[in-house]
Amino acid sequence: MKERLISLIEAALDTLIADGTLPPDAKRPVQIDRTKDKSHGDFATNIALMLAKPAGMKPRDLAEKVIAALPEDNAVAKTEIAGPGFINFFQASDWLNSLLDKALADEHLSVARPEQVQTVVVDYSSPNLAKEMHVGHLRSSIIGDAVVRALEFLGHKVVRQNHVGDWGTQFGMLLAYLGEQKGEESAAELSRELSDLEGFYRAAKQRFDESEEFATRARSLVVKLQAGDEECLKLWREFNTVSLSHCQAVYDRLGVSLTAEDVRGESAYNDDLSQVVADLDAKGLLSEDQGAQCVFMDEYKNKEGDPLPVIVQKADGGYLYATTDLAALRYRAGTLGADRMLYFVDQRQALHFQQMFSLSKLAGFVPEDTDLAHMGFGTMNGPDGRPFKTRDGGTVKLIDLLNEAEERAYALVKDKNPELDEDELRTIARAVGIGAVKYADLSKNRSSDYIFNFDQMLSFEGNTAPYLLYAYTRVASIFRKAGLDMNQVSGEFQLQEEAEQALAARLVQFGEVLQSVADKGLPNLLCLYLYELAGLFSSFYEHCPILNSDDEDLKQSRLKLAALTARTLKQGMELLGLRPLERM
Ligand code: ARG
């Protein structure tokens, strides 16, 4: 609707330019907003206020001319001038009804396909394999996955990239330790030992610190590994297989859509690194600084005005995180054909990504018009407002956190519904517990830090997963109670009460909301939309009898509205990676 109004107004401006009312250079982006108060119509524009000066007219007079020049359109019932010169638009009700019918008849809820289908490469989760996944990887995995789902639903081609850290110096230490253990143990025992990756890492680190001989072996193993020694590679692969299977278990448990196919770790770029440096050199971008190969770009300086270089090769010849990222940028643009790349990585890496994006374009690794965006996020904090830690100060393992969420949800649900059988209780507890953890993260603006709080996220009130899941079951139960199928509603929409009009107007915004989630990488916009939709449904349900309405036509219309609400809520929750339940 917004786009439609914008093109109507643009056409009107063209007419006014052609007849000399407006100077030829008067055109500027048309701003259209939804009105807060429905008595002012559905949309408003300030265009007459913006152009009054260049036109040399009073805003209200210009508004009148704009309205007169608007092409006929059956989506617009009425226009009106308000205040100093705003133009208000009233959507035609038969137009709204036809949008609702279209959505109801379409599996895809009539969300428009993009004019230009893009290939979008999304880098998310990307843990370091030497250690077990911890809460820091939660945000990237969850937020990235929701945006990926929205992009795919809109019709874009998404390539997931799990850029795991599988190639650092810490691998020498792990390999040395693995080699020591392996003598006495079978493969099965080894894999059991690695099931506690965290413990394995600590034990290896301890050996490294206490034994000079071990440390020397570890260092030489890194060199051998990076030089492609077969024996080392074999051990390294074994280690990564186990480590990745831990990650996969977390993804499956969380309902994150990443699979083994999406893994393309740092090691995959090993063979490209020398070429990256050579190409930077050929472009004349390299300078040597204390033996290291660096790129200095004018726009990157610290507060004191000192240059902030990108180091691409250390004095000892080793490559860095940045070198790998440049190789990955080139691969994603060239081989994967990305039109757009999104990086869901901690906000603290903001400078790194800005530098990578500038440099990859400067070096010609990525075409100028490729859209590169770092979708940074804040820290997940504990109740004390400090980064989340266990009671004894250790990092919290994701799996422990999810277990606790599920247990807490189980207790809550059992308390509410003691009559449910064990199987159903477990299913609900999983959807509620895991859903609560995910939703708590998704519903906040990603750029801010947030406090992890079980009680809050598991509450059935407020903008939470339990509230939304429950709201959906309530709509679904209307159909169940009446023995009706929500996919078999018919009749004509008649929106009489304000509560049903408000609900209807919000329902047709689903596509617009998904579009902004995909553009901005902000799933919290979808959370807020669904939360408000659920609230609008509640007041509709309160004010407008559905099943015991005496008017059969009205009853059908309201059932249709309920059906579309249910489907929109369900689709929305699925895009957020929640598991909607039919009852709870
Ligand atoms: N492994 C890194 C970390 O845990 C994140 C990698 C993000 N992706 C990238 N292309 N740099 O901090």
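Begin with the open sheet of four strands, which come in the order E1-E2-E4-E3 and pair in the antiparallel sense. Select strand E1 (32–34) and strand E3 (76–82): these stand at the edges, and each has a single partner strand, so one side of each is left without a neighbour in the sheet. Turn the view and compare the directions of the strands: on average, neighbouring strands of this sheet are turned by 25 degrees against each other, direction ignored. A word before going on: what you have on screen is a predicted model.

Which residue stands opposite isoleucine 81? Show side chains and you will find isoleucine 87 in E4 there.

**Two crossing helices**

Next, select helix H1 (residues 2–18) together with helix H3 (residues 59–69). Their axes are 8 Å apart, and the helices pack at an angle of about 105 degrees. That angle makes H1 roughly perpendicular to H3. To see where they touch, show Ile9, Ala12, Thr15 and Leu16 in H1, which meet Lys65, Val66 and Ala69 in H3. Coloured by residue type, this contact of H1 with H3 divides into five nonpolar residues, one polar and one charged.

Now select residues 3–91. UniProt, in an unreviewed entry, places the feature "domain: Arginyl tRNA synthetase N-terminal" here. Over residues 3–91 the chain is 40% helix and 21% strand, and the C-alpha atoms at the ends are 13 Å apart.

**Stepping back to the domains**

The domain assignment lists domain 1 (2–91), domain 2 (119–164 + 266–374), domain 3 (170–262), domain 4 (398–457) and domain 5 (465–575). How many Å separate the centres of domain 1 and domain 3? Taken over C-alpha atoms, the centres of domain 1 and domain 3 are separated by 65 Å.

**An annotated motif and a helix pair**

Select residues 127–137 next. The unreviewed UniProt entry annotates them as "short sequence motif: 'HIGH' region". This span is 18% helix and 0% strand, and its end C-alpha atoms lie 6 Å apart.

The axes of H5 and H15 come within 10 Å and cross at roughly 80 degrees. Five of the residues in the contact of H5 with H15 are nonpolar, none is polar and three are charged.

**Another crossing**

For a further helix pair, select helix H9 (residues 212–226) and helix H10 (residues 230–254). Their axes come within 8 Å and cross at roughly 95 degrees. H9 and H10 are therefore roughly perpendicular to each other. The side chains to show are Leu221, Lys224 and Leu225 of H9, along with Cys232, Leu233 and Trp236 of H10. Here the contact of H9 with H10 divides into five nonpolar residues, no polar ones and one charged.

**A three-stranded sheet to finish**

The last stop is an open sheet of three strands, in the order E7-E8-E9 with antiparallel pairing. E7 and strand E9 (310–313) stand at its edges, each with a single partner strand, so one side of each is left without a neighbour in the sheet. Neighbouring strands of this sheet are turned by 45 degrees against each other on average, direction ignored.

Select strand E7 (residues 286–289) and strand E8 (residues 292–295), which pair in the antiparallel sense over four bridges. Leucine 286 stands opposite valine 295 in E8. Two residues lie between the strands in the hairpin of E7 and E8, where glutamine 290 takes a positive phi near 50 degrees.

On the other pairing, E8 and E9 are joined in the antiparallel sense over three bridges. Which residue is the bridge partner of glutamine 293? Look in E9 and you will find glutamine 313.

Conventions:
Residues are numbered from 1 along each chain as its sequence is written. This is a predicted model: local features need pLDDT of at least 70, side-chain atom pairs count only at pLDDT 80 or more; totals for chains, interfaces and linings use all residues. UniProt positions are given in the numbering used here, feature names are shortened, and annotations may be inferred rather than shown by experiment. Two strands pair if DSSP finds at least two bridges between them. Axes are lines fitted to C-alpha atoms, for helices over the stretch in contact, and angles run from 0 to 180 degrees between N-to-C directions. Angles under 35 degrees count as roughly parallel, over 145 as roughly antiparallel, 65 to 115 as roughly perpendicular and the rest as oblique. Two residues are in contact if their C-beta atoms, placed from the backbone, lie within 7 Å. Ala, Val, Leu, Ile, Met, Phe, Trp, Tyr, Cys and Pro count as nonpolar, Asp, Glu, Lys and Arg as charged, and the others, Gly among them, as polar. Domain bounds come from an automatic or database domain assignment.
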